[in-house]
Each structure stands twice: as C-alpha cells, then as structure tokens.
Amino acid sequence: MPALKKTEHTGTIIWLGRVESRADALRSSPLAEVEARFEGIDGEDHGGLTRPSCSRVSSQYLKGSPIKNTRQLCIVSAEEMAAVASEIGVAQFNPEWCGANIVIEGISDFTHIPPSSRLQTQDGTTLTVDMENRPCHLPSPVIDEDAPGHGRAFKAAAKDRRGVTAWVEREGPLRVGDTVSLHIPDQRAWSPNGD
C-alpha cells in the first residue's frame, strides 16, 4: 500500500536559481533550466550528499559534524514572497535575495506542507521536503544592496513564509514552466497521546 498520496494541489515553477558561493554572497543567479542530481543542483553551493551540521540541528549534533544533506534546495512560494515584499515595503521580492533555488506558484500555505512531502514534475523529477526553512538575517545585506533600508525587516516578515528545504529523490530536469504535483504522507498528524 502506498505511503504517499497524490493530492489535487499543483504548482508551477516560475523561477530557478543557483547559489554559487555562500562565502561570496547568499544571492542566487537565475537559470531557465537545471539538472537535479542526487547531489543537488549542479554548481549549487548547498549541494552534496553530506554537509556539516549547522544551527538548524544543533540539538542533535555538534556543529560541523558530517550529516546527510537534506538541505540541498531552498524552495519558496511566489504568493508568500509577495506577502514578504509587501511587509518589507518593496514592490516585488527578488528570489535572488534569499538564495532561492526554486519559486513555485499555486500551492497555498506552501511553507507548511508536511515534511517528507514530494514535489514531482511531469517528467518525474522528484524533490523530498525536509522541513520549514527558518528565516535568518543572511538575506538582509543582499536585499539592502538592491533596496537600501529594507533588508532589516526580512527576518520578521518571512516568519511562516520562508519556504522549505528539500533534497533530490529522483534525478531529472527542472525547468521554468514545469508543473509540480504535491504528494503528502498518508498518515494522521502526530500527537503525543496518539490521538
């Protein structure tokens, strides 16, 4: 019996990008098409099969410990980024500012899709959602380069709107214009009492 169920919810990839060097800047560069591999997107600084642990998992691992890389991709919602733009006082949010790899339009409450959900294109390329991507201060200086004075408001505005982190489960192409379907785990929500 399948453990994942395909929902009726679909979205469209409207933007793709790659962060080439986090040491230089978080800013991602736009692309029309990428090849998603088990290591992530070719040339993406967040790529690789493993990564050093960071503050996201500091309750589990000593910082810098090698762990499986479930944070290969940063996926955000066009609708949520529009809300962030409005809150920080800019006309449009540029996905380059937050180091986004993929912007999806059409799936509501995107940041809160269940962990372990799958986003699958019409070609079968499949991304597995790890978890919500918590907002941080790193996009602030990048935003201020293009929209001076607006970066500081990003962290608060992006709360519950920062999208998700994900990793490549099935290799294949990703293109601007691709349709993605949402598949979610077929289980009830967790409860400490088993209710």
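I began with F93 and F154, and both are buried (under 20% relative accessible area with a 1.4 Å probe, protein chains only; exposed is over 50%, partly exposed in between). This is a predicted model, where local features need pLDDT of at least 70, side-chain atom pairs count only at pLDDT 80 or more, and totals for chains, interfaces and linings use all residues. Residues are numbered from 1 along each chain as its sequence is written, and side-chain values use heavy atoms, without hydrogens and water.

Next I looked up ring pairs and found 2 aromatic pairs. Rings of Phe, Tyr and Trp (its six-membered ring) pair if their centres lie within 6.5 Å; planes under 30 degrees apart are stacked, over 60 edge-to-face, the rest tilted. F93 and W97 have ring centres 5.1 Å apart and planes at 80°, so I noted them as edge-to-face. F93 and F154 have centres 5.7 Å apart and planes at 25°, so that pair is stacked. It joins distant parts of the chain, with F93 in the loop between α1 and β8 (102–105) and F154 in helix α3, 61 residues apart. Helices (H or I, at least four residues) and strands (E, at least two) are DSSP runs, numbered from the N terminus.

Then I turned to helix α2 (residues 139–146), where P139, S140, V142 and I143 are buried. On the other side of α2, I found P141 and E145 exposed.
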